[in-house]
Amino acid sequence: MTQRSEQKQQTRLALMDAARLLMDSGRGFGSLSLREVTKNAGIVPTGFYRHFSDMDELGLALVEEVGETFRATIRVVRHHEFELGGIIEASVRIFLDAVVANRGQFLFLAREQYGGSQPVRQAIGALRQRITDDLAADLKLINRMPHLDDQGLDLVADLVVKTVFATLPELIDPPAQNLPAHLLPAAKITQQLRFIMIGGKHWQGPGKPQG
């Protein structure tokens, strides 16, 4: 990479960091202006267009970034599951460590899945579907629910991923005071995922009579 290319990449990352920093104060991505993002990144507003055509394109870059982090984390969980015989508690811990290490990215994901930018919401929806497809393929390889066909595994995977996405805000923000131990975010998502996986072993699948 040439020095000019490296500088351009650094400026692009500075714009993304600036947007995340502004959102860390509680604001949604849709409320950010190009001018304040560039000000926080230390560049002039016209410099923004050397990297992104508009704010939505910046949002899409943030989705791509957290998507890479999310899927890399899932690969670690997959390695743990396939090669180390992992259990749900350990897999949740791997995921929670990734959330803590990349808080700004996951905070953006947690908020903007229901945010004001339609292109960003659609990109997050597409990311969620890719993660769901990957998980469904993993469930088929693990073969702990051999009675379920592909449709059944798709639905189990969809429920797991939507549970994780819905719980992200609780995993990021400090928990309310005096919560009982079983309602702390890490404990709760562990039990919810265990419930889904145990339920999947007894569920016969879509369109089939349930015993």
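Into which domains is the protein divided? Colour residues 1–52 as domain 1 and residues 55–201 as domain 2; these bounds come from an automatic or database domain assignment. The model is a predicted one, in which local features need pLDDT of at least 70 and side-chain atom pairs count only at pLDDT 80 or more, while totals for chains, interfaces and linings use all residues. Residues are numbered from 1 along each chain as its sequence is written, and side-chain values use heavy atoms, with hydrogens and water left out.

**The whole chain**

Display the protein as a cartoon. Its secondary structure consists of eight helices and zero strands, in the order α-α-α-α-α-α-α-α from the N terminus. Helices (H or I, at least four residues) and strands (E, at least two) are DSSP runs, numbered from the N terminus. Along the principal axes, the C-alpha atoms fill a box of roughly 65 × 40 × 35 Å.

Next, switch to a surface. The accessible surface of the protein is about 11,900 Å², and carbon and sulfur atoms account for 55% of that area; the areas come from the Shrake-Rupley method with a 1.4 Å probe, and for residues only the protein chains shown count as cover. Of the 211 residues, 37% count as buried, where buried means under 20% relative accessible area, exposed over 50%, and partly exposed in between (1.4 Å probe, protein chains only).

Contacts (heavy atoms within 4.5 Å) may be drawn as lines. Among those in the protein with a separation of 6 or more, 66% join residues 24 or more positions apart.

For the charges, select Lys and Arg as positive and Asp and Glu as negative, leaving out His and the chain ends. Each charge is placed at NZ of Lys, CZ of Arg, CG of Asp or CD of Glu. The mean positions of the 24 positive and 24 negative charges are 3 Å apart.

**Between the domains**

How far apart do the C-alpha centres of domain 1 and domain 2 lie? The separation is 27 Å. Select the contacting residues on each side: 19 residues of domain 1 meet 15 residues of domain 2. The two domains bury about 1,400 Å² between them, with 70% of it on carbon and sulfur atoms. Buried area is the accessible area (1.4 Å probe) that two parts lose on being put together, summed over both.

Select Thr73 in helix H3 (residues 55–83). Is Thr73 buried or exposed? Thr73 counts as buried because its relative accessibility is 7%. Beyond residues up to four places away in sequence, Thr73 touches Ile94, Phe95 and Ala98.

Move on to Asn102, in the loop between helix H4 (88–101) and helix H5 (103–112). Asn102 has a relative accessible area of 23% and is therefore partly exposed. A C-alpha distance of 12 Å separates Asn102 from Leu171, 69 residues apart along the chain.

**Two loops with positive phi**

Most residues other than glycine have a negative phi. Centre on Asn143, in the loop between helix H6 (118–142) and helix H7 (150–172). Its phi is positive, about 60°, although Asn143 is not a glycine, and at 48% relative accessibility the residue is partly exposed.

Then select Asn178, in the loop between H7 and helix H8 (185–202). Phi of Asn178 is near 65°, again a positive value in a residue other than glycine. Asn178 counts as exposed, at 78% relative accessibility.

Select His202 in helix H8. His202 is exposed, with a relative accessible area of 61%, and its C-alpha atom lies 9.1 Å from that of His147, 55 residues apart along the chain.

Continue to Gln204, in the segment after H8. Gln204 is partly exposed at 32%. Which residues does Gln204 touch, not counting residues up to four places away in sequence? They are His147, Leu148, Pro209 and Gln210. The C-alpha atoms of Gln204 and Leu148 are separated by 6.6 Å.

Finish at Pro206, also in the segment after H8 and partly exposed, with a relative accessible area of 28%. Leaving aside residues up to four places away in sequence, Pro206 touches Asp149, Gln151, Gly152 and Leu155. Pro206 and Pro175 are 31 residues apart in sequence and 36 Å apart in space, C-alpha to C-alpha.
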